[in-house]
Amino acid sequence: MLEMTREEFEELVAEALDRIPPELTRLMDNVAVFVEDEPPAEDPELLGLYEGTPLTERGEWYAGVLPDRITIYRGPTLRLCSSREEVVEETEVTVVHEVAHHFGIDDERLHALGYG
C-alpha cells in the first residue's frame with residue numbers, strides 16, 4: 001500500500017476542491033467536506049460518500065438542517081493507487097463525484113462523464 005500521511009491526503013482533497021470552478025463553488029450551500037481514514041465496514045472499498053439533500057431536491061421546507069456531508073476516505077484510495085500521481089488523480093475524481101451528488105447528478109450520469 002502507498003504511504004501518505006493524513007495531512008498530505010487532506011491537502012490533496014483541499015487542492016481538488018480548489019480546482020472546482022468558482023462559479024460552481026459559489027453555488028454550493030450548506031455542505032461540509034471531511035477526510036476519514038476508513039469507510040464503514042460494510043463497504044470497505046468506498047472512496048467517497050455524499051450524505052444530505054441535493055440542491056435539486058431542496059424546497060421551501062429546507063431550513064435549519066445540518067450541513068450535507070461529503071467524506072473522502074484515505075485508506076481505500078491509497079490501497080487502490082500505486083503512485084502519488086494516481087492518488088492525486090483519484091482524489092480529484094472522487095471529490096468531483098461527491099460534489100456532483102450535492103448538485104443532484106446521479107451515479108449513472110457521472111460514470112458517463114468519466115467520474116465513476
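The questions below concern strand pairing and pockets in this predicted model.

Student: Is strand 3 mostly covered or mostly uncovered, and how many of its six residues are buried?

Tutor: Strand 3 spans residues 68-73, and a residue is counted as buried when its relative accessible area is under 20%. By that cut-off strand 3 is mostly covered, and the number of its six residues that are buried is five.

Student: Which residue in strand 3 is the bridge partner of Val 35, and which is the bridge partner of Gly 48?

Tutor: Strand 1, residues 31-36, runs parallel to strand 3 and is joined to it by six bridges, while strand 2, residues 48-51, runs antiparallel to strand 3 with four bridges. In strand 3, Val 35 has Ile 72 as its bridge partner, and for Gly 48 the partner in strand 3 is Ile 72.

Student: Which helix gives the most residues to the lining of the largest pocket?

Tutor: The largest pocket holds about 190 Å³ of space, and its lining has nine nonpolar and two charged residues but no polar ones. Among the lining residues are Glu 92, Val 96, Val 99 and Ala 100. The element that gives the most to this lining, with four residues, is helix 4 (residues 84-102).

Student: How many polar residues are in the lining of the second largest pocket?

Tutor: The second largest pocket has a volume of about 150 Å³, and the largest share of its lining, five residues, comes from helix 4. Its lining includes Gly 48, Thr 94 and His 97. Divided by class, this lining has two nonpolar residues and three charged ones, and the number of polar residues is five.

Terms used: Residues are numbered from 1 along each chain as its sequence is written. This is a predicted model: local features need pLDDT of at least 70, side-chain atom pairs count only at pLDDT 80 or more; totals for chains, interfaces and linings use all residues. Side-chain values use heavy atoms; hydrogens and water are left out. Buried means under 20% relative accessible area, exposed over 50%, partly exposed in between (1.4 Å probe, protein chains only). Helices (H or I, at least four residues) and strands (E, at least two) are DSSP runs, numbered from the N terminus. Two strands pair if DSSP finds at least two bridges between them. On a 1 Å grid over the protein atoms alone, a cavity is a set of points where a 1.4 Å probe fits but cannot get out, and a pocket is an open set with protein on both sides within 12 Å along at least five of seven lines; lining residues have an atom within 4 Å of a point. Grid points are joined across faces, edges and corners, and a volume is the space filled by probe spheres set on the points. Ala, Val, Leu, Ile, Met, Phe, Trp, Tyr, Cys and Pro count as nonpolar, Asp, Glu, Lys and Arg as charged, and the others, Gly among them, as polar.
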